[in-house]
Amino acid sequence: MATSERNRARAEFVAAAGWGNAGERLLAGDASFRKYYRLTRPRQSAVVMDAPPPQEDVRPFVRVARHLIGLGLSAPQILAEDAERGFLLLEDFGDDTYARVLAAGGDEGELYRRATDVLVELYRADNRSILPVLGAYAGDALIEAASLLPEWYLPAVTGRPMPSEEAACYVAAWRECLAALPAGDDALLLRDYHKDNLLWLPARPGVKACGLLDFQDAQRGHASYDLVSLIEDARRDVAPDVQAACLDRYIADAGISDAATFRTGFALMSAQRHARIIGLFVRLLKRDGKPDYLQHLPRVWRMFEKALTHEALTPLRHWIDRLLPPPLRHFGAP
């Protein structure tokens, strides 16, 4: 749909929702096709999610948002929806993302504790927190996502396509590593749980002080995954003592009975997420013409290398050391 047609469709949606007299300004876009607009009128505001089909589908967002609200968490209320055309009118959580509050000198320890407590709440909700329609982010799904690294990063630094036999070796290494992933400990995964998708709402009590956004890709999987996303952020250095405190807090408050096994799962999810992101950032450059993410690659490589030191990741570490030795780990570095 042409931009003018999309703008006209959005105006029709806003008017039908009773906000036709409101002012509108673009808030943000992201790495997807979605855009967000703030509507304002005296003493009121709301946010329009513009998610054009067929590239986007607002229904998963609606389903997960209502589910999270039902669990007592702060997801935006859905004020109006047009799933067919890809529009939502959402409760406005304001501008205080974790990223902005932290940049302004906010208390890092408190912010990350509250965000960790949300994940504890999801884990302790047990089966109530996992929607039955969600797919599993496990097994081959994890490997496929992590394969962005050899598919995009490896050719970018070597100048050659990845040999098919090495692709098979990469998959085999991951399968061997994931065999160490313990069964159980599944939870609802919001999948992009980091500073840019969390809002600080200090007037709300307890876990409600952490507002949640961008969870339409939610799945179920190992409970450590979102904690990795939070404290091993691809775009921000989290203080080591805060990282350690959040991991310890999660294990204690969630009632994890086998801390060592959980930490193994954490290392595996850490390596998987960082492998995916390394490939994703290069894909955003090569395919989508978005170079801004490259500045974060050195940080992601550091975290990836740290995860690879865990004994459960020995097969993958051997593959990385052979195909991507240290001199090839600096693509995009200043």
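**Exercise 1.** At what angle do H6 and H10 pack, and how far apart are their axes?

*Solution.* The model is a predicted one, in which local features need pLDDT of at least 70 and side-chain atom pairs count only at pLDDT 80 or more, while totals for chains, interfaces and linings use all residues. Residues are numbered from 1 along each chain as its sequence is written, and side-chain values use heavy atoms, with hydrogens and water left out.

Step 1. The angle is about 55 degrees and the axes are 7 Å apart; axes are lines fitted to C-alpha atoms, for helices over the stretch in contact, and angles run from 0 to 180 degrees between N-to-C directions. Helices are DSSP runs (H or I, at least four residues), as are strands (E, at least two), numbered from the N terminus.

Step 2. H6 and H10 are therefore oblique to each other; angles under 35 degrees count as roughly parallel, over 145 as roughly antiparallel, 65 to 115 as roughly perpendicular and the rest as oblique.

Step 3. Residues of H6 that meet H10 include Leu-149, Trp-152 and Tyr-153, and their partners in H10 include Ile-278, Leu-280 and Val-282. Contact means heavy atoms within 4.5 Å.

**Exercise 2.** Identify the buried residues of helix H12 and the helices against which they pack.

*Solution.* Step 1. In H12 (residues 314–323), the buried residues are Pro-315, Leu-316, Trp-319, Ile-320 and Leu-323; buried means under 20% relative accessible area, exposed over 50%, partly exposed in between (1.4 Å probe, protein chains only).

Step 1. Viewed down the axis of H12, these buried residues fall within an arc of 135 degrees, so they line one face of the helix. The arc is that of the directions from the helix axis to the C-beta atoms.

Step 2. They pack against helix H6 (148–158), helix H7 (164–178) and helix H11 (297–308).

Step 3. For H6 and H12, the axes come within 13 Å and cross at roughly 15 degrees, which makes H6 roughly parallel to H12. Leu-149, Pro-150 and Leu-154 in H6 meet Trp-319, Ile-320 and Leu-323 in H12.

**Exercise 3.** Is Asp-82 buried or exposed, and which residues does Asp-82 touch?

*Solution.* Step 1. Asp-82 lies in strand E4 (residues 78–82).

Step 1. Its relative accessibility is 19%, so Asp-82 counts as buried.

Step 2. Residues up to four places away in sequence not being counted, Asp-82 touches Phe-13 and Phe-87.
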